[in-house]
Every structure is written in structure tokens, then in C-alpha cells.
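This report describes selected side-chain contacts and surface features of one protein chain. The sequence and the structure are shown first.

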Amino acid sequence: MDVFALRDALVADYESYIRSFINIRDEQIRTLLDRELSGGLLWPEPLVQLNPSFEPGEPIADLVAEGILHGECERIFRKKDERGDGPPLRLHRHQVEAIRAAHRGANYVLTTGTGSGKSLAYIVPIVDHVLRHGSGRGIQAIVVYPMNALANSQRGELEKFLCRG
């Protein structure tokens with residue numbers, strides 16, 4: 001399958017659809033809109049980029065051995081399969097640094113690219129805190145998301161670790 005040909009076909013179909021309900025009488029406005037649409041106003045060129053390689057950090061097991069994380073974190077944070085089992089997670093360096101900052105009680109802000117594991121940088125410390133201090137003691141953490149879809153996605157990610165296995 002040629003993904004670029006597929007993209008071009010989708011754009012052509014979408015352009016045809018958009019143009020089918022545009023009826024502008026003013027010649028100048030119609031010319032301007034036609035120029036903008038022909039220039040790709042609504043359908044930019046495809047973006048192709050490689051995922052960066054993030055610097056590796058320690059495995060969860062090492063942080064447990066150091067006392068940074070509760071022992072149960074090693075069982076919880078694994079690359080789980082359908083049975084709920086799998087190898088322990090090896091974190092990226094930025095995740096380890098965030099977890100260490102949380103363990104010290106320090107504030108931290110983590111900015112990094114999509115798919116770099118930002119969620120684990122706050123999920124692991126929250127789970128560690130609850131494991132150490134117990135649940136049922138009121139609000140333990142507040143997580144704010146900019147969109148409901150992201151909140152739902154992250155809920156699924158948390159359930160993957162806490163509920164499977």
C-alpha cells in the first residue's frame with residue numbers, strides 16, 4: 001500500500017466534498033478562497049518524522065532495590081501480556097529523574113515528546129505513594145488533563161498496570 005497515494009486520494013475526495021457546498025458570488029472572495037484551498041489550506045503536506053530514541057534509565061527493579069519505590073511497584077509495572085505477566089519495565093532517564101524528584105518530595109515539570117512515557121513519570125510516584133501510605137485516606141493525588149479523551153486514555157493505561165494480573 002502506498003500511504004502517500006492514499007493520502008492524496010483522501011485529500012482529493014475531501015477537497016471535492018468541501019468545494020461542493022461552497023457557492024461564493026463575489027469574484028475576489030471566490031478567487032482568494034480558491035487560491036487558499038488549492039494551496040492546501042485545509043490539507044497540509046504529510047508530516048513524516050522518526051521517533052527519537054530516549055536515553056535509557058534504570059529498570060523499575062533497581063529503583064525498588066534502592067528503596068526509591070515500594071516493592072510492589074516491581075510487580076505492578078511490567079510489560080504485561082494478556083495473562084497479566086511480562087518482563088519488568090526499563091524506564092527512560094527522564095522518567096527515572098522524575099520518579100526520583102517525586103521520591104524526594106520535590107516539585108517537577110516534565111516536558112518531552114509524544115510517546116516518551118510522560119504518564120509513567122507521574123503514575124509511578126502516585127502508585128508508590130498510595131502503596132506506602134495506604135488508600136482510603138482521602139485524595140492522594142490530583143491529575144488534570146486538557147481533554148476528556150486523554151483522561152480516558154490514561155485511565156486505560158493505569159488500569160492496564162493495576163487491574164491486569
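Trp 43 is buried, as its relative accessible area is 9%; buried denotes under 20% relative accessible area, exposed over 50% and partly exposed the range in between, with a 1.4 Å probe and protein chains only. The model is predicted, so that local features need pLDDT of at least 70 and side-chain atom pairs count only at pLDDT 80 or more, while totals for chains, interfaces and linings use all residues. Residues are numbered from 1 along each chain as its sequence is written, and side-chain values use heavy atoms, with hydrogens and water left out.

**Aromatic contacts**

A search of the whole structure gives three aromatic pairs. Rings of Phe, Tyr and Trp (its six-membered ring) pair if their centres lie within 6.5 Å; planes under 30 degrees apart are stacked, those over 60 edge-to-face, and the rest tilted. Trp 43 forms an edge-to-face pair with Tyr 14, at 5.7 Å centre to centre and 85° between the planes. This pair links distant parts of the chain, 29 residues apart: Tyr 14 lies in helix H1 (residues 3-20), and Trp 43 in the loop between helix H2 (27-38) and strand S1 (56-59). Helices (H or I, at least four residues) and strands (E, at least two) are DSSP runs, numbered from the N terminus. Tyr 14 is partly exposed at 38% relative accessibility. The pair of Tyr 17 and Phe 21 is edge-to-face, because the ring centres are 5.4 Å apart and the planes stand at 70°. Tyr 17 and Phe 21 are both exposed. One aromatic cluster is formed by Tyr 14, Tyr 17, Phe 21 and Trp 43.

**Salt bridges**

The count comes to eleven salt bridges, each being a side-chain nitrogen of Lys or Arg within 4 Å of a carboxyl oxygen of Asp or Glu. Among them are the following.

| Salt bridge | Closest N to O distance |
|---|---|
| Arg 19 and Asp 34 | 2.5 Å |
| Glu 27 and Arg 30 | 2.2 Å |

Arg 19 is partly exposed at 29% relative accessibility, and Asp 34 is partly exposed at 38%. Glu 27 and Arg 30 are three residues apart in helix H2 and are therefore separated by about one helical turn. Likewise, Glu 97 and Arg 93 are four residues apart in helix H5, a separation of about one helical turn. Salt bridges with shared partners join Glu 15, Arg 19 and Asp 34 into one network. Glu 15 is located in helix H1 and is partly exposed, with a relative accessible area of 21%.

**Largest pocket**

The largest pocket holds about 870 Å³ of space. A pocket is an open set of points on a 1 Å grid over the protein atoms alone, where a 1.4 Å probe fits, with protein on both sides within 12 Å along at least five of seven lines; lining residues have an atom within 4 Å of a point. The volume is the space filled by probe spheres set on the points, which are joined across faces, edges and corners. The lining of the largest pocket has 38 residues, and Lys 118, Ser 119, Leu 120, Ala 121 and Tyr 122 lie nearest its centre. Strand S2 (90-92), helix H5 (93-104), helix H6 (118-133) and H7 each give two or more residues to this lining. H6 supplies the largest share, eleven residues.
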